[in-house]
Amino acid sequence: SLDISSNSYTGMLPMMITSYFPSLESLNVCGNSFTGSIPTSWSSWSSLSVLRACQNNFYGSALGLESLMLNLRVLDLSYNSYTGYLPYDTAASYSPIQEINFCNNSMSGYLPTEWQAYSDLRSIKLCNNWLSGSLPTAWVSNLPNMEVLDLSNNDLTGTPLPDPFYTWTRLRKLDLS
């Protein structure tokens with residue numbers, strides 16, 4: 001585990017950190033002033049299961065991060081300046097990802113139906129973005145472990161709670177405001 005959170009580090013994250021710490025399982029760089037984006041080369045970092053990079057100055061498209069999501073359990077990129085569509089992998093049949101947090105960015109587009117393949121998902125936080133469309137029915141049907149869903153402060157439309165919503169028996173927090 002490497003935790004360098006809540007400091008005043010600046011610059012870009014090094015692409016070669018994977019060779020310095022090949023067995024690292026958790027990286028927390030939250031609360032700094034890093035810029036650029038998460039290196040796409042990190043997708044080959046098979047030991048990394050937790051990436052917390054919130055409250056920095058990361059920017060650009062998040063679409064390059066879909067391959068990174070195939071190894072992670074936790075991805076927290078909240079409070080940055082990511083734009084564009086949410087990342088997803090159309091070929092993904094399984095991912096261990098349990099928590100996704102893109103709150104307080106400038107994400108747009110629809111909620112990806114493809115996330116239904118991430119059957120271990122327990123927490124999705126996408127608040128304070130520019131997302132549109134409706135909650136995919138496939139999420140409700142295929143994400144039985146959902147505990148936290150925060151889609152507040154977006155431009156969502158349609159039916160807020162599609163059938164079979166009652167299958168989310170573990171749900172502790174739901175914010176669709």
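Predicted model: local features only at pLDDT ≥ 70, side-chain atom pairs only at ≥ 80, totals over all residues.

Colleague: What makes E5 and E7 a pair?

Modeller: Pairing takes at least two bridges between two strands. Strand E5 (residues 50-52) and strand E7 (residues 74-76) have three bridges, in the parallel sense, so they pair by that rule.

Colleague: Which sheet do they belong to?

Modeller: An open one of eight strands, in the order E1-E3-E5-E7-E9-E11-E13-E15, with parallel pairing. Strand E1 (2-3) and strand E15 (173-175) are the edge strands, and each pairs on one side only.

Colleague: And where do E2, E4 and E6 go?

Modeller: Into an open sheet of seven strands with the order E2-E4-E6-E8-E10-E12-E14, where the pairing is parallel.

Colleague: Why are E2 and E14 said to stand at the edges?

Modeller: Strand E2 (10-12) and strand E14 (155-156) each have a single partner strand, so one side of each has no neighbour in the sheet.

Colleague: How do you know that E12 and E14 pair?

Modeller: Strand E12 (residues 130-133) and E14 share two bridges in the parallel sense. The cut-off is at least two, so this pair qualifies. Gly133 has Leu156 in E14 as its bridge partner.

Colleague: What joins E8 to E6, and what joins E8 to E10?

Modeller: Three bridges link strand E6 (residues 57-61) to strand E8 (residues 81-84), and the two run parallel. Gly60 has Tyr82 as its bridge partner in E8. E8 is also joined by two bridges to strand E10 (residues 106-110), again running parallel. There, Gly84 stands opposite Met107 in E10.

Colleague: How many helices and strands does the chain have in total?

Modeller: Two helices and 15 strands.

Colleague: What makes the size of the chain agree with a compact globule?

Modeller: For 177 residues, a compact globule would have a radius of gyration near 16 Å. The chain has 16 Å, so the value agrees. Along its principal axes, the C-alpha trace spans about 45 × 30 × 25 Å.

Colleague: How much of the chain counts as buried, and how much surface does it have?

Modeller: Of the 177 residues, 45% count as buried. The accessible surface comes to about 8,200 Å², and 49% of that belongs to carbon and sulfur atoms.

Colleague: What about contacts between residues that are apart in sequence?

Modeller: Take the contacts between residues at least 6 apart in sequence: 60% of those join residues at least 24 apart.

Colleague: And how are the charges placed?

Modeller: The chain has 7 positive and 13 negative charges, and their mean positions are 9 Å apart.

Colleague: Why is Pro112 called buried?

Modeller: Pro112 has a relative accessible area of 6%. Buried means under 20%, so Pro112 falls in that class. Its place is in the loop between E10 and strand E11 (123-125).

Colleague: Which residues does Pro112 touch?

Modeller: Leaving out residues up to four places away in sequence, Pro112 touches Leu86, Pro87, Tyr88 and Trp139. As for Leu77, it is 35 residues from Pro112 along the chain, and their C-alpha atoms are separated by 17 Å.

Colleague: How do you know that Ser123 is buried?

Modeller: Its relative accessibility is 10%. That is under the 20% limit, so Ser123 counts as buried. Ser123 lies in strand E11. Not counting residues up to four places away in sequence, Ser123 touches Gln98, Glu99, Ile100, Met146 and Val148.

Colleague: What makes Ser6 stand out in its backbone?

Modeller: Ser6 has a positive phi of about 55° although it is not a glycine. The residue sits in the loop between E1 and E2.

Colleague: Is Ser6 buried or exposed?

Modeller: Exposed: Ser6 has 62% relative accessibility, and the label applies over 50%.

Colleague: What is the phi of Asn128, and where does the residue sit?

Modeller: Asn128 has a positive phi of about 60°, and it is not a glycine either. Its place is in the loop between E11 and E12.

Colleague: Why does Asn128 count as partly exposed?

Modeller: Its relative accessibility is 29%. Buried would need under 20% and exposed over 50%, so Asn128 lands in between and counts as partly exposed.

Conventions: Residues numbered from 1 in each chain as written. Heavy atoms only, no water. Helix = DSSP H or I, 4+ residues; strand = E, 2+ residues; numbered from the N terminus. Rg over C-alpha atoms; globule rule 2.2 N^0.38 Å. Buried < 20%, exposed > 50% of the residue type's maximum accessible area, 1.4 Å probe, protein only. Contact = heavy atoms within 4.5 Å. Areas by Shrake-Rupley, 256 points an atom, 1.4 Å probe, with all protein chains shown as cover. Lys, Arg positive; Asp, Glu negative; His and termini not counted. Charge placed at Lys NZ, Arg CZ, Asp CG, Glu CD.
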